[in-house]
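Please look through the structure shown below before reading on.

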Amino acid sequence: MELGLKDKCALVMASSAGLGKAIATEFAREGANVMLFSPFEDELKQARQDIFSETGKNPSIFVGSITNADDIKNLVKTTVDAYGPVFALVNNTGGPAAGNFDAFDDSAWQKAYELTLLSYIRTIREVLPHMRANNGGRILNSTSSSIKSVLDNLILSNTFRMGVVGLAKTLSQELGKDNILVNVIAPGRIGTARIDYLDSVRAEKAGKTVEEIQQLAFAGIPLGRYGTPQEYGKLAAFLCSSANTFITGQSILVDGGMVKAI
């Protein structure tokens, strides 16, 4: 399928590794002009090299913090100056700390809010004027399968990921007239460093090895394995492309059938 992303501007947050990097790679493969963003300069440089080696397309990089409003303003300005109006924005970030309700004070809740929800609000606010002036665009918000079935020991993530869904659904109603499509993509268990971390937390809590925890997880996934970042990236690229003309306001799980909720 021709996705119509060639030479379009794509901004992918938290893209030095993991799911963000996989999404950026698929954009580059489709010929988009990609801006990578992360606080980790060395990882960004490596991601740029890896993407160029794989796709022949050389993305730009911007070092900054997703929780810093000035960094986000400067990021969008730099991206627009380099590539023109942002056509596709992918909001993505690492998850907040694992733990139950009693583990977190006000400071932890505030940090989780700024990381997982407010950062998305800020990036959307910055790109919207450019999308409107360019007669449309695509916004994709990466969350978690917890938007359909809450996950144990992840109260911070469970709470704020749902806020992202409310934000995206509302924006899909407000921005349809501007030809801006807004969706949520939610990973189940995808083989990334985040899942490795969560598996290690679960293993320690259960007194099991990480391998034992993973085998239990595989048993709960109809496809019998974790997904790959590449599988996630391909769907993200479609939802952010010109080939997607009528899907908006939706939350789509990439979980191998793990979540049983309808």
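Predicted model: local features only at pLDDT ≥ 70, side-chain atom pairs only at ≥ 80, totals over all residues.

## Two asparagines in loops

In which loop is Asn 153 found? Asn 153 is found in the loop between E5 and helix H5 (155-175), where helices (H or I, at least four residues) and strands (E, at least two) are DSSP runs, numbered from the N terminus. Although Asn 153 is not a glycine, it has a positive phi of about 65°. Because its relative accessibility is 26%, Asn 153 counts as partly exposed; in these terms buried means under 20% relative accessible area, exposed means over 50%, and partly exposed lies in between (1.4 Å probe, protein chains only).

Asn 135 is not a glycine either, and it has a positive phi of about 65°. Asn 135 lies in the loop between helix H4 (106-133) and strand E5 (137-142), and with a relative accessibility of 63% it counts as exposed.

Residues are numbered from 1 along each chain as its sequence is written, and side-chain values use heavy atoms, with hydrogens and water left out.

## A network of salt bridges

A search of the whole structure finds 13 salt bridges, a salt bridge being a side-chain nitrogen of Lys or Arg within 4 Å of a carboxyl oxygen of Asp or Glu. Glu 26, Arg 29, Glu 54 and Lys 234 are linked by such bridges in a network. Within it, Arg 29 forms a salt bridge with Glu 26, and their closest N and O atoms are 3.2 Å apart. Both of these residues lie in helix H1 (residues 18-29), three residues apart, which is about one turn of the helix. Glu 26 is buried, with a relative accessible area of 5%, whereas Arg 29, at 36% relative accessibility, counts as partly exposed.

Lys 234 also forms a salt bridge with Glu 26, with the closest N and O atoms 3.6 Å apart. This pair links distant parts of the chain, since Lys 234 is in helix H8 (residues 229-239) and Glu 26 is in helix H1, 208 residues apart. Arg 29 forms a salt bridge with Glu 54 as well, the closest N and O atoms being 2.7 Å apart. Here too distant parts of the chain are linked, with Arg 29 in helix H1 and Glu 54 in helix H2 (residues 41-55), 25 residues apart. Glu 54 is partly exposed, with a relative accessible area of 48%.

## Aromatic rings

A pair of aromatic rings is described by the distance of the centres and the angle of the planes. A search of the whole structure finds five aromatic pairs; rings of Phe, Tyr and Trp (its six-membered ring) pair if their centres lie within 6.5 Å, and planes under 30 degrees apart count as stacked, over 60 as edge-to-face and the rest as tilted. The rings of Tyr 113 and Phe 160 have centres 6.0 Å apart and planes at 45°, so this pair is tilted. The pair links distant parts of the chain, Tyr 113 in helix H4 and Phe 160 in helix H5, 47 residues apart. Tyr 113 is partly exposed, with a relative accessible area of 27%, while Phe 160, at 11% relative accessibility, counts as buried.

Phe 218 and Tyr 226 form an edge-to-face pair, 4.9 Å centre to centre and with 80° between the planes.
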